[in-house]
Amino acid sequence: MIVPHPRYSICITCRNEINTIHASLNSILEQIDNRFEVTVVDSKSTDGTLDVLREYAKSGKIKLIVKKCTRGEGRQIAFENSSGEYVISNLDMDDIIAPKLEEFIEFYHRKCDGNFLLAISSLSDRGAQNVTIAPRSLILQVRGWRNLNYSEDWDLWSR
């Protein structure tokens with residue numbers, strides 16, 4: 001959703017997720033309103049994912065940036081192309097976001113406002129699925145994501 005002055009930016013990276021792209025993106029879009037913007041960086045998908053993302057962008061539901069990049073660089077690009085006061089990140093298009101986004105945000109503001117909050121949703125054969133929320137100012141203070149293809153989230157949190 002293209003929003004002129006969003007409070008929350010949801011920053012997503014993607015590469016070749018044709019089997020999950022619709023379910024993943026819809027699981028987010030069904031939970032948001034005009035307080036949110038969604039920015040997706042696609043690392044030049046070749047399996048049809050990019051065509052799907054272009055349709056979402058054309059309809060004004062997401063802001064799409066296409067650039068071949070590592071996951072860390074993609075997260076940084078999404079961040080730099082977003083404008084919300086708070087950034088919800090470390091999402092990929094193979095994640096389905098349970099309908100608890102509003103609860104997550106309310107918990108954050110009640111218990112952690114001004115800091116990083118990492119929520120680990122589950123452990124699977126792929127490892128921990130997580131989501132992060134933090135103020136834009138704090139992400140700027142730690143200088144965002146580095147150009148890493150894995151553990152870019154842990155690198156950010158450790159700083």
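Asn16 is partly exposed, with a relative accessible area of 28%, where partly exposed denotes the range between buried, under 20% relative accessible area, and exposed, over 50% (1.4 Å probe, protein chains only). The residue lies in the loop between E1 and H1, helices (H or I, at least four residues) and strands (E, at least two) being DSSP runs numbered from the N terminus. Although Asn16 is not a glycine, its phi is positive, at about 50 degrees. The model is a predicted one, in which local features need pLDDT of at least 70 and side-chain atom pairs count only at pLDDT 80 or more, whereas totals for chains, interfaces and linings use all residues. Residues are numbered from 1 along each chain as its sequence is written, and side-chain values use heavy atoms, with hydrogens and water left out.

A positive phi, of about 65 degrees, is also found at Asn90, which is not a glycine. Asn90 is placed in strand E4 and, with a relative accessibility of 3%, counts as buried.

The largest nonpolar core comprises 28 residues, and those with the most contacts inside it are Ile10, Ile12, Leu25, Val38, Ile88 and Ile133; such a core is a set of buried Ala, Val, Leu, Ile, Met, Phe, Trp, Tyr and Cys residues joined through side-chain atoms within 4.5 Å. At least two residues of this core come from each of strand E1 (8-14), helix H1 (21-29), strand E2 (36-42), helix H2 (49-58), strand E4 (86-92), helix H4 (101-112) and strand E6 (127-135). The most is given by H4, with 5 residues. Another core, of 14 residues, lies apart from it and includes Ile65, Ile77, Ile139 and Trp145. When neighbours within four places in sequence are left aside, Ile88 is in contact (heavy atoms within 4.5 Å) with residues that include Ile10, Phe36, Leu101, Ile105, Val131 and Ile133.

Within helix H1, the residues Ile21, Ser24, Leu25, Ser27, Ile28 and Leu29 are buried, and their cover includes E1, E2, H2 and E4. His22, also placed in H1, counts as partly exposed because its relative accessibility is 43%. Not counting residues up to four places away in sequence, His22 touches Val52 and Tyr56.

Strand E2 runs parallel to strand E3 (residues 63-66), to which it is joined by 4 bridges; two strands are taken to pair if DSSP finds at least two bridges between them. In this pairing, Val41 stands opposite Ile65 in E3. Together, E2, H2 and E3 make a right-handed β-α-β unit, right-handed meaning that, with the strands pointing away from the viewer, the path from the first strand over the helix to the second runs clockwise.

Two further residues of E2 were examined. Thr39, found in E2, counts as buried because its relative accessibility is 0%. Leaving aside neighbours within four places in sequence, the contacts of Thr39 include Ile10, Ile12, Lys63, Ile65 and Ser82. Thr39 and Ser82 are 43 residues apart in sequence, with a C-alpha to C-alpha distance of 6.5 Å. Asp42, likewise placed in strand E2, is buried yet has no salt bridge, the nearest side chain of opposite charge being that of Arg15, 5.9 Å away. A salt bridge here requires a side-chain nitrogen of Lys or Arg within 4 Å of a carboxyl oxygen of Asp or Glu, and in assigning charge Lys and Arg count as positive and Asp and Glu as negative, while His and the chain ends are not counted.
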